[in-house]
Amino acid sequence: MIALSKLFFIYSMNYDRAVYEIHSFVYELYGEICSENSTPDSILEKIQQKTKEFSESGELYKSFISEKLGGQIYYSATKRNLMGLLAAYFTERKGGGLEGKLFDTAFDIEHIHATADDTKEVSEDLQNCIGNLMLLERSINRSLGKKKFTEKKKQYRNSSYKFARELAETTQYKWSEKDIIARRDEIVAQAIKFLFQ
């Protein structure tokens, strides 16, 4: 199930819609599962081979990393929610209550860099990439409105999400392009390792 979930994640992020290739693959996989000759290992190998085919697809794979994982994701609910959950998973997995935090809590995807700040505006690409987005409880996010980063941080300390609480404790008065790029690159590197290794 983990291998299949990773494969679905990859194709959902890449295409942002249902694609025939995966429908066909799942149909074949279902046939193999129902076959008398199949084993859990043979099914897992088939899923891993499909993931490997994607990771060896050259330009498609490079585009996936730079544009789909590291690019603008906010305007697609599928992409922002998937990447937001994955980023939260990377910071929350060492603590307890992971499933409740990620799947039983009503969340929004929060823009960390506040457009209300009197700081340098960041490009739209950076404003809407995973480096500037995080999971935040819906009730907290909706109360923030267009507040400045220094004001938003005060509310972040009430979050059950570790990254939000860590941001609340920083002495930073702004969330800069440099911060966005560093966080984006870290999350993308973790995602590649998690999905393909």
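**The largest cavity and strand β2**

In this predicted model, the lining of the largest cavity draws at least two residues from each of α5 (77-92), β2 (133-137) and α10 (162-169); helices (H or I, at least four residues) and strands (E, at least two) are DSSP runs, numbered from the N terminus. Local features need pLDDT of at least 70 and side-chain atom pairs count only at pLDDT 80 or more, while totals for chains, interfaces and linings use all residues. Residues are numbered from 1 along each chain as its sequence is written, and side-chain values use heavy atoms, with hydrogens and water left out.

A cavity here is a set of points, on a 1 Å grid over the protein atoms alone, where a 1.4 Å probe fits but cannot get out, and lining residues have an atom within 4 Å of a point. The count comes to 1 cavity of 30 Å³ or more, and the largest cavity has a volume of about 70 Å³, a volume being the space filled by probe spheres set on grid points joined across faces, edges and corners.

Helix α5 gives the largest share of the lining, 5 residues. Among the lining residues are Gly-84, Leu-133, Tyr-161, Phe-163 and Arg-183. By class, the lining splits into 8 nonpolar, 2 polar and 2 charged residues, with Ala, Val, Leu, Ile, Met, Phe, Trp, Tyr, Cys and Pro taken as nonpolar, Asp, Glu, Lys and Arg as charged, and the others, Gly among them, as polar.

As for β2, 5 of its 5 residues are buried, so β2 is largely enclosed by the rest of the structure; buried means under 20% relative accessible area (1.4 Å probe, protein chains only). Leu-133, Leu-135 and Glu-137 cover one side, and Met-134 and Leu-136 the other, all of them buried. β2 also pairs with β1 (residues 107-111) in the antiparallel sense over 5 bridges, where pairing takes at least two DSSP bridges between two strands. Asp-108 has Leu-136 of β2 as its bridge partner.

Definitions and conventions
1 Å grid on protein atoms, 1.4 Å probe; cavity = no way out; pocket = protein on both sides within 12 Å on 5 of 7 lines; lining within 4 Å. Buried < 20%, exposed > 50% of the residue type's maximum accessible area, 1.4 Å probe, protein only.
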